[in-house]
Amino acid sequence: MEKYDLIIVGAGPAGIFTAVELLRHGSKKKVLLVEKGKPVEKRHCPKAEVGHCVNCRPTCAITTGFSGAGAFSDGKLSLSHEVGGDLPTLIGEDFAQELIEYTDKIYLEFGADPHVEGIYTGEDIKEIRKNAIHAGLKLVDCPIRHLGTEKAQELYLAIQNYLADNGVEMLFSTECENIILENEECKGVLLKDGDSLRSVYADEVVIGTGRRGADWLEKICAEHHIAHKPGTVDIGVRVECRNEVMEKVNKVLYESKLIGYPKPWKNKVRTFCQNPGGFVAQENYDNDLAVVNGHSFKEKKSENTNLAILVSHNFTEPFNQPIAYAQKVGELTNMLGAGHIMVQRYGDILDGKRTWQKELAQSNVKPTLKDAVAGDITAAMPYRAMTNIIEFIKMLDMVVPGFAANETLLYSPELKFYSNKVKMDENLDTNIKGLHCLGDSSGWTRGLMMASVMGVLMGRKLAEKEGC
Ligand SMILES: Cc1cc2nc3c(=O)[nH]c(=O)nc-3n(C[C@H](O)[C@H](O)[C@H](O)COP(=O)(O)OP(=O)(O)OC[C@H]3O[C@@H](n4cnc5c(N)ncnc54)[C@H](O)[C@@H]3O)c2cc1C
């Protein structure tokens, strides 16, 4: 019988930092890390050569593999407990902040850039905050450590080597099919390697499967009665405009985190993942859903800045499938865009007309996502989400004059699935003995730093149990 002390499913930041922290505490546990994607050095997206997404099977190199959705992401570490998920409500804000500072030091040890952006002082920030207050927006202070896409890959390779050198076994291209329960205790996992299935046992199982694994974990929760509640979904757009328009906030804030509650519904609407000089990107989920995202490189810069505007959706009764709801919105948008991301000018939305491909060429702002299809995103966006986005853009225009220009581009669908929230205590124990759920798949985090922090905390708790 194949048996380990600990099996970690998913080599994203949450899973990786569980193993890193265990080693830092001198743990002697026999650890297996299972990952359905590839090792970090073998992750390669063909889009760089062919210019468009080729829908890689069985896994997408952008979102799977060692370091999870992190390695090919922009690698912006948010250093405030106010950003990145609800974990602070479980463990306390002060402790969450302490863990962020501790985890940040680990990132620095593995080669992160010591420079921190977004520490705000001076007259310019006062002016921006004043305008935000006037517009009815909250400006959240959040220092950012920017790894950059290329640097992030180097850093995670160093972590991968550190884990391998210290005896952590890593199984790549291997998917966890299910967990093994005996007398309501988790005893291991069922692994799929090609066409074959095998059982591997462990005293403790940690699941950190990320947003890609959200649907899978939802199924596992239902099948094994793992206590959870429906999470939030964010539906929105990726907005792109010229760097000149965003110059002041890019310079002063680097990433502006603004939150508003526009009329008439007063739903939470926020900016997210701002990429000065960045590029809009397409991501494909396993179920073929094409969604939009954005990233920026440390060296290579575009003439545009992109950021997401997200509208939070929480459902009460009787509906309990927020992920399915957002997926339907995405599917409808994909259908109208013939499988591609759709893009529309803000002015065309206000004028009630679609955007034509030739009209994009008439603007100052040129789309950085070249295979996006000009069309009408309002034909697929729910009325409530669309109105929230339009009203929020008007509010933002008071902070960033020119943001609500006719030529500003809105790409759709930008969807953030936060997974069901798995019920856990402050020891990260679920109602199933021996089972812990971490990171974005647990519903408690939604960012690189907070997922890493949750991993660190898990590592500590397991080390404490071991007595080290
Ligand atoms: C393009 C992009 C840009 C981003 N930019 C930023 C950013 O700048 N800053 C920020 O804070 N956040 C960013 N994020 C979000 C960030 O990457 C995630 O919040 C973070 O990676 C979550 O960590 P995690 O460990 O919970 O999950 P993930 O990083 O998603 O890792 C989960 C891993 O589990 C594996 N897995 C899933 N299911 C299974 C299974 N059944 N069996 C085995 N393995 C499985 C997956 O392959 C994946 O490698 C970005 C995300 C994307 C996609």
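What share of contacts in the protein between residues at least 6 apart in sequence join residues at least 24 apart? The share is 76%, where contact means heavy atoms within 4.5 Å.

## Basis of the model

This is a predicted model, in which local features need pLDDT of at least 70 and side-chain atom pairs count only at pLDDT 80 or more, whereas totals for chains, interfaces and linings use all residues. Residues are numbered from 1 along each chain as its sequence is written, and side-chain values use heavy atoms, with hydrogens and water left out.

## Overall architecture

The secondary structure comprises 14 helices and 21 strands; these are DSSP runs numbered from the N terminus, with helices (H or I) of at least four residues and strands (E) of at least two. The C-alpha trace spans about 65 × 45 × 45 Å along its principal axes.

Of the 468 residues, 59% count as buried (under 20% relative accessible area, with exposed over 50% and partly exposed in between; 1.4 Å probe, protein chains only). The protein exposes about 19,200 Å², of which carbon and sulfur atoms supply 51%. Accessible areas come from the Shrake-Rupley method with a 1.4 Å probe, and for residues only the protein chains shown count as cover.

## Ligand surroundings

There are 34 residues around the ligand, and Glu35, Ala69, Lys76, Asp440 and Leu448 come nearest; a residue is near if one of its heavy atoms lies within 4 Å. The shell divides into nine nonpolar, 16 polar and nine charged residues. Here Ala, Val, Leu, Ile, Met, Phe, Trp, Tyr, Cys and Pro count as nonpolar, Asp, Glu, Lys and Arg as charged, and the others, Gly among them, as polar.

An N or O atom in the side chain of Glu35 is 2.6 Å from a ligand oxygen atom. The protein covers 95% of the 990 Å² of accessible area that the ligand has on its own. Elements giving two or more residues to the shell are α1 (13-24), β7 (175-182), α13 (439-442) and α14 (448-466).

## Thr232

Thr232 is found in the loop between β10 (228-229) and β11 (233-242). Thr232 is buried, with a relative accessible area of 17%. Leaving aside neighbours within four places in sequence, Thr232 is in contact with Ser312, His313, Asn314, Lys416, Tyr418 and Arg446.

How values were computed:
Polar contact = N/O pair within 3.5 Å; in protein donor to acceptor, adjacent residues only side chain to side chain.
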